[in-house]
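Thanks for coming. I have a few minutes on one structure, so please look at it while I talk.

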Amino acid sequence: MNGTTSAWRRWPVIASMVILAVYLMLALAGTFLGDQANVADVTRTLRPPSAEHLLGTDGEGRDVLSRVSVGAGISIMLAAISVALGAAGGLIVALACGLGARWLDRVLMAPMNAVLAFPQLLLAMAIAIALGSGLTSAVIGIVVTIIPVFAVTLRGEALRSRSEAFVEAATTIGLPRWRIALRHVVPYLGTTMTVQIAANFGSAVITLAALSYVGVGARPPTAEWGAMINDGLQHAVSGQWWVGVAPGIALLGLVIAVNIFTDQVRARRRPAGW
Amino acid sequence: MFRDIRQRLLASAVTIVLASFVSFVVLRALPGDPARLIAGPLAGPETLAATRSSLGLDRPFFAQYGQFLWNFVRGDWGYSFSVGDEVREALTSRLTATLELALYAFVLAVVGALVCASVASFRPGFRRGLVRLFALVGLGSPPFWVGLVLIVVFSSYLGWWPGPSGRLSPQLYPPEPVTGFYTVDFALHGDLIGVSDSAAHLVLPVVSLALLPWAFLTRLLTANMADTAGQPYILVVRSKGVPAWRTHVRHVLANSLLPTVSSCGLILATLITGSVLVETVFNWPGVGAMLTEGISAQDFALVQSFILLSAILYVVGNLVGDAVNRMIDARLRTPGAAR
Amino acid sequence: MTVSTVNPTGTAVEVSDLRVAYGGDEVVHGVSFRLRRGARLGIVGESGSGKSTVARAVLGLLPPGGHVTGGRIELLDTDVVGRTDKEMNDLRGRVVSLVFQDPLTSLDPVKPIGKQIAEVIVQHHRGLPRAEVRERCLRLLNEVGVNDAERRLKQYPHEFSGGMRQRVLIAIAIANQPDVLIADEPTTALDVTTQAQVLDLLRTTAERHGMSVILVTHDLGVVAEFCDEVVVMKAGEIIETGTAEQIFASPAQDYTRHLLDCIPRPGDRRPGPEFGDPGDAEPAAVLTITGLRKRYGRGPHVLDDIDLTLHAGETVGIVGESGAGKSTLARTLIRLENASGGTIDLNGADFGAARSKRLRELRRDIQMVFQDPFSSLDPHMQVVDIVAQPLIVHGLCDRPAARARATEMLASMGLDEQFLDRLPRNLSGGQRQRVAIARALILRPAVAVLDEPISALDVSVRAQVLDLLREEQLSLGTAYLFIVHDLAVARYFCDRIAVLYEGKIVEFGSPADLFERPRHPYTRRLLDAIPDPHHLQRRMKDTT
């Protein structure tokens, strides 16, 4: 690296912000389209990308671009809800474990570790089936698997904060424990929290798509990306690649933008890694 | 040291027992009628009643859990209506197909990650940027979509490798099973056409499956290598006159591997999840594809056994990672040794 | 100062007009010096002066992003600037070698010691038989004073103590008998007594093999003990060059003089009246510790039967080496950890046994200043709020009033209004420590525990912080318990000193008693080990 260091370091953040803004606009357009995107038209099935249909049409004659933008709204919204609930739950558990009594820590962490032992997607699937397929079940499944991820990482940080000199200093001043937690520990967790929220947002988008792909998330004809990719699979071999490729690229772009953002936040705290 | 190991084993056992409890709760407490889920949507009233009594649904909650645990331990994992066989039978009969896929993917991911991470930490600039970009793509792509794209490009368009047609071309017969791996079995029988055909069928699914663990490992290793390369002992090694690449192989790599090995369980988890998502794309006749079918058929007995088994695999994988770490790192062999 | 030279006129290293930059920022601005063969040169400076950068430039091993932008570095009459890495590899470890700062992190943790020593031998002697390599390793370990070398070769770094690891590093550095040895803060991370041994070893081996040494350090005491020539660096430039005698006896530059002044001379005392002068009224005891013990789990006692009394307005120093239990004593006293036995009486209240609300109330009278001002201040809080916080916590006044008091307190410590709304990361080390002191003293506590309050600071600001502490003590009457590893500072600042050794107080008395008439053998060992620049100066004055 040379003189352009600071600009070089900044552009990924700016780029990822711009991409995220584009997605939000896409999602907004999608919400205006609403059910229109699901209207089938047998007279124009499987048309390749053209000026009329920028991303072509699918097997039922629906415009792929419209469906991708509706899907953006669904993915961003549901992933955000899942991560918000998961983060809140995880933070509460982490504070109780990291700052509370040791028995509380043990009692709370054991089930967290048990849930973490399952591959995230598979447990979410099982929960979604048990609750009956649908987007709500999928979100509940994702939240259940995200809570322990937050709980474990934030707990580690909370425990570390206890040996930070400024937290000890707060103790020697005579601050009660709960006020130390709110005034000093929660801000201390801020960066980790941001990193975790961003990282889990990305993985929630993928998990949601995967749940729909295997058929326990969105039900047809909902324009969810995973369901669309599943639908595109049958056309892939026969040459109509755009049906399945388009929603995947949309998903990939979103997750990459989020991950670049995550990396940058992480790197600012710990310059050694990526 | 032995006390340490005993504690690790104990903690792992507790996690497994709790995991079994979680999977029990998901099955029994969440759904309205567990018997319906277990027996399947097509079961008649008698079957339902039989299922109910075999599950002991009239008994107290913890007695039911005890029964479930006992059944699981003795290998009675229930009946899969979507396959039409005992769950255990169904899983074991398809295991080798998945294992062949997963093993090659594992090797590809690990070797690829070692090479790419070394390149990235050794050659800043363009090559590092390239590795970094690919890792980001790998982390962001759902494996089933990667499979789809690979089929579109390399099978439909370029025609280099076969698309979604399972483990073999239809005109070939599977080899006499020895290991269950087609590539190995064909080689053992000296059937070169078989070897190349089965290998060609492996390429795309293995790449789709390996991408995620490769990306994960590459990122982890690169971060660790950057960390290690900044350590004073690396400067000391360089001050001895040891060339940069040899320093990297001998010292940086060895020290970066330690934290990587302990994520063994996570790699296993990504492979298991990946096989569930990838196998259907390629019509691969393994346990993953079977599970996907089971999921769409709401075959709960199958799903439940599968997730519990993968949780156990995860815990065991972590234990193995720990053990390997212990072998590499002398510090861990001495109790209470700090850096 | 006798210099054993192979060739007194030869030059080992000659650096001329060296410039080094990181990215676009030049950090070394045209540095020139010469190291004679067999001589020992000290490069002295504070953190950020560029001294380590110069040392690493000689090896051609600048940190990533750093590169030489101008000048020459002649190593035995050949310029090393601009050489390829391959050519440098041939020189490193054979002609020039390095002893690095922190022995704890300077050895590869997953390789046995033997392999790490053998590596440097094999690198420069391809095809040497294995037995011969092993033989040389054994000889080297014996030479640097590592006993039981046979067994030690197979051991890993974590099985060695800090001092032993530094010996191993020296063995690695001298393995191929290089002409030039670069030692970058080789003793900074070590205890005083170990420090003296390692310096001694460096000197004897350098003399035995006729090696020239560049010693990079911030510690003038070490330079006085070790070097015959000195360059003083500040902000990337050399501001003074000379023989050790010249530099210490008659420094030409204000900065050098200032650095020297920052080290208390024996007999120097902090300002203010001496404590316990005859005629004073019997001072009140504010803190009485009796039979204090601390152990972790079933381990040995880290603190064993400590008795100590602090009177209002006095400073008691606790000295000892790392592992002696100094920090544990501070943490137990302040109730960051619970004692395993004994009582802590604070102004008549049983502080040692107080719990929850009562404990928090009593904390008002006993405060602490932590060692590292970089971590003891909440990075998210403004300076004024950090200082005001104790007042608010104890309900002594409301928020605006507390902030006003804090502003006043900070102003009296030389931090005016422009600092109030800053975050800690925008302050220098000395400024942060002042904020930490303000936070501890704003409650006017009866006792303040100072845990190495100046050891994380640059030499030039240490004296200011000590003066500040003394001023506040005189105006508030607070009793200080001063944990310190630097005996010169203890002698300068404390009224009474306790020597802590293996969790016990082995000696307790006034500085004069302790330094002139040490009774315990451990105290004597400690005193002998102090490197002292004034020592050299005094000796020279005696002779003139």
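First, how to read it. This is a predicted model, in which local features need pLDDT of at least 70 and side-chain atom pairs count only at pLDDT 80 or more, while totals for chains, interfaces and linings use all residues. Residues are numbered from 1 along each chain as its sequence is written, and chains are lettered from A and ligands numbered from 1 in the order in which they are written.

Chain C, then. It has 20 helices and 20 strands. Helices here are DSSP runs of H or I with at least four residues, strands are runs of E with at least two, and both are numbered from the N terminus. The C-alpha trace of chain C spans about 75 × 50 × 50 Å along its principal axes. For 544 residues, a compact globule would have a radius of gyration near 24 Å, and the 26 Å of chain C agrees with that. That radius is taken over C-alpha atoms, and the globule rule is 2.2 Å times the number of residues to the power 0.38.

Of the 544 residues in chain C, 47% are buried. Buried means 20 or more other C-beta atoms within 10 Å of a residue's own; exposed means 12 or fewer, partly exposed is in between, and the C-beta atoms are placed from the backbone. As for contacts, two residues are in contact if their C-beta atoms, placed from the backbone, lie within 7 Å. Among contacts in chain C between residues at least 6 apart in sequence, 70% join residues at least 24 apart.

Now helix α3 of chain C, residues 113-124. Nine of its 12 residues are buried, so the helix is largely enclosed by the rest of the structure. Among them are C:I113, C:G114 and C:E119. What do the buried residues of α3(C) pack against? They pack against α4 (130-143), α5 (149-152) and α6 (162-174) of chain C.

C:S49 sits in the loop between β3 (40-44) and α1 (51-59) of chain C. Buried or exposed, C:S49? It is buried, with 24 other C-beta atoms within 10 Å. Leaving aside residues up to four places away in sequence, C:S49 touches C:M233, C:K234 and C:A235.

Over to chain A. The axes of α2 (residues 64-99) and α3 (residues 102-116) of chain A come within 8 Å and cross at roughly 140 degrees. That makes α2(A) oblique to α3(A). The axes are lines fitted to C-alpha atoms, for helices over the stretch in contact, and angles run from 0 to 180 degrees between N-to-C directions. Angles under 35 degrees count as roughly parallel, over 145 as roughly antiparallel, 65 to 115 as roughly perpendicular, and the rest as oblique. From α2(A), A:V93, A:A96 and A:C97 meet A:L104, A:D105, A:L108, A:M109 and A:M112 of α3(A).

Between chains B and A, 50 residues of chain B are in contact with 44 of chain A. There the largest share of the chain B side, nine residues, comes from α14(B).
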